[in-house]
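Colleague: Hi! Could you walk me through this model while I have it open?

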Amino acid sequence: MPAPLKILMVNWIWHRVAGEWTYIDNLQSLYKRYGHEVIPFSMKHPKNVDAHGYEQYFIDTINYTELNKNKSLNNSIRAVSKTIYSREAKIKLRQLLLHCKIDVVHLHDVNHYLTPSILPILKEHNIPILWTLHDYTLICPESTFVSGGRICENCKGGNFYHCALQRCKKGSLLASILAAAENTVHTYTKAFKYVDYFLCPSAFLLNKFRAFNFYPDKLVLSNLCCEMNPMPEKKAGQPYIIYAGRLAKTKGILTLLNAMKGVPVQLLIAGDGPEAATINKFITDNQLSHITMLGFTAKEPLYDLVQNAVCLVCPSEYYENFPYTVIEAMLLKTPVIAAAIGGIPELVIHQETGLLFEPFSSRALQAQILRLLHDSDLQLSLAKKAYSQTAGMVNYQQHYNILKNVFGRVGLAL
């Protein structure tokens, strides 16, 4: 058996706040299952989960919302400097490395808070660096390739000034300038050259980074990992469909709501986000009494709701990577109807493991929902094939084998 490794896990926050945390949580469990020690490096926050004493090395909380409330020149300079370069993160990381010998580092979301300024420190200590790419931030300042509600790739070739010209970031000129500046500086200083391999959960994401000529020789297809605890059998009761996830424009919620105008079944919306008020108003204005907003829902109750739904709907309108909401629904043997965009079709194979529809089209989505509602045999067939495919793709052993191969490339036995 290879000797246990000390693996430094780096993410901007150390609690469930975004989709990448599901992977981080699963990955920690996977590493620990094989006897390795996971050491966190992150930012202090009241909601952080137990860091096992390593929180003393975390950087202080950075609240960009508060920093940006006062649009002064001084605050703008502070915001852009913290976004691009973190002196504090470098100091804290050096302290951690003096305290603990690290064998390998596994990065996740680093930009904006910890920043790539920590990468040279790791290389000074000859530590191999792996980075799982959860979104497109390193090649798209807005991170989603969405501008003005539509897909946009104008920044290809390092032309990040388009982000500022189009006000892609939150519709704000200042935020867009800062985002464009961050990507420009990191690109021209070759900030990411220290990374040994970038792990890409979906082939779509890998190919998009390759098309942007982003370290193509360092891109590795990795998938994700997930194992579900056995769930009780589906309950008999009132049929419903469910949306689970962040309530944001890019998630296609309004397309789903428009589709529901002609669907005679209850829709549950589990999640929270910036579009919550807009969604509530739409429901009220259109008298959609068969739609229920559940707000944030804890993991176990959410799993129960997803498992007992007729289907889960994923109407995303941006380049999804490898969405856990779809993965988990499939592992719960719940059919999925999803937009044919990004990495979703790698999971949802139309009419085999789920149903796909044209993104942005409420009519196409409505047709697929109605089709599934009226075909119980199709529901069972899709659920069975989806479970079989997904369980084989993202189980812990499969993912560990992929990681063993990558670790071997940097001279480590996992």
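Colleague: Let's start inside. Which residues touch the most other members of the largest nonpolar core?

Modeller: Happy to. Keep in mind that this is a predicted model. The largest nonpolar core has 135 residues, and Leu8 and Trp131 are the ones that touch the most other members.

Colleague: What is leucine 8 in contact with, beyond its neighbours within four places in sequence?

Modeller: Its contacts there include Ile39, Pro40 and Phe41. Leucine 8 also meets Leu93, Leu96, Ile102, Val104, Val105, His106 and Leu122. There is a second, separate core too, made of six residues, among them Cys155, Phe160, Cys168 and Ala180.

Colleague: Nice. On to the sheets: what is the order of the strands in the one with S1?

Modeller: That is an open sheet of six strands, ordered S2-S1-S3-S4-S7-S8, and the pairing is parallel. Strand S2 (37-41) and strand S8 (219-221) each have a single partner strand, so one side of each has no neighbour in the sheet. From one strand to the next, the twist averages 25 degrees.

Colleague: How many bridges join S3 to S4?

Modeller: Three, with strand S3 (residues 104-107) running parallel to S4. Histidine 106 is opposite leucine 130 in S4.

Colleague: Which strands does helix H15 touch?

Modeller: Helix H15 (residues 396-409) packs on the sheet and touches S3, S4, S7 and S8. The direction of H15 makes about 170 degrees with that of S7. Helix H8 (residues 203-211) lies across strand S7 (197-200) and S8, and runs at about 165 degrees to S8.

Colleague: Now the sheet with S9. What order do its strands have?

Modeller: The order is S11-S10-S9-S12-S13-S14, in an open sheet of six strands with parallel pairing. At the edges stand strand S11 (291-295) and strand S14 (355-357), each with a single partner strand, so one side of each is left without a neighbour in the sheet. The twist here averages 25 degrees from one strand to the next.

Colleague: Over how many bridges do S9 and S10 pair?

Modeller: Five, in the parallel sense. Tyrosine 240 has glutamine 266 in S10 opposite it. As for the helices, H11 lies across S9, S10, S11 and S12, at about 140 degrees to S9. Helix H13 (residues 362-373) packs on the sheet as well, touching S9, S12, strand S13 (336-339) and S14, and its direction makes about 160 degrees with that of S14.

Colleague: Which residues of H11 are buried, by the way?

Modeller: In helix H11 (residues 299-307) those are Leu302, Tyr303, Val306 and Gln307. Seen down the axis of H11, they fall within an arc of 130 degrees, so they line one face of the helix. Among the elements covering them are strand S9 (240-244), strand S10 (266-270), strand S12 (311-314) and helix H12 (324-331).

Colleague: Then there's the loop between S12 and H12. Is serine 316 buried or exposed?

Modeller: Serine 316, which sits in that loop, is buried, at 1% relative accessibility. Beyond its neighbours within four places in sequence, serine 316 is in contact with Thr250, Lys251, Gly252, Ala339, Ile341, Ile344 and Pro359.

Colleague: Last topic, backbone angles. What is phi for phenylalanine 145?

Modeller: Near 60 degrees, a positive value in a residue other than glycine. Most residues other than glycine have a negative phi. Phenylalanine 145 is in the loop between strand S4 (129-132) and strand S5 (146-147), and with a relative accessible area of 2% it is buried.

Colleague: And lysine 170, buried or exposed?

Modeller: Lysine 170 is exposed, with a relative accessible area of 74%. Its phi is near 60 degrees, again positive in a residue other than glycine. You'll find lysine 170 in the loop between helix H6 (161-165) and helix H7 (173-188).

Colleague: Great, thanks!

How values were computed: Residues are numbered from 1 along each chain as its sequence is written. This is a predicted model: local features need pLDDT of at least 70, side-chain atom pairs count only at pLDDT 80 or more; totals for chains, interfaces and linings use all residues. Side-chain values use heavy atoms; hydrogens and water are left out. Helices (H or I, at least four residues) and strands (E, at least two) are DSSP runs, numbered from the N terminus. Buried means under 20% relative accessible area, exposed over 50%, partly exposed in between (1.4 Å probe, protein chains only). The arc is that of the directions from the helix axis to the C-beta atoms. Contact means heavy atoms within 4.5 Å. Two strands pair if DSSP finds at least two bridges between them. Axes are lines fitted to C-alpha atoms, for helices over the stretch in contact, and angles run from 0 to 180 degrees between N-to-C directions. A nonpolar core is a set of buried Ala, Val, Leu, Ile, Met, Phe, Trp, Tyr and Cys residues joined through side-chain atoms within 4.5 Å.
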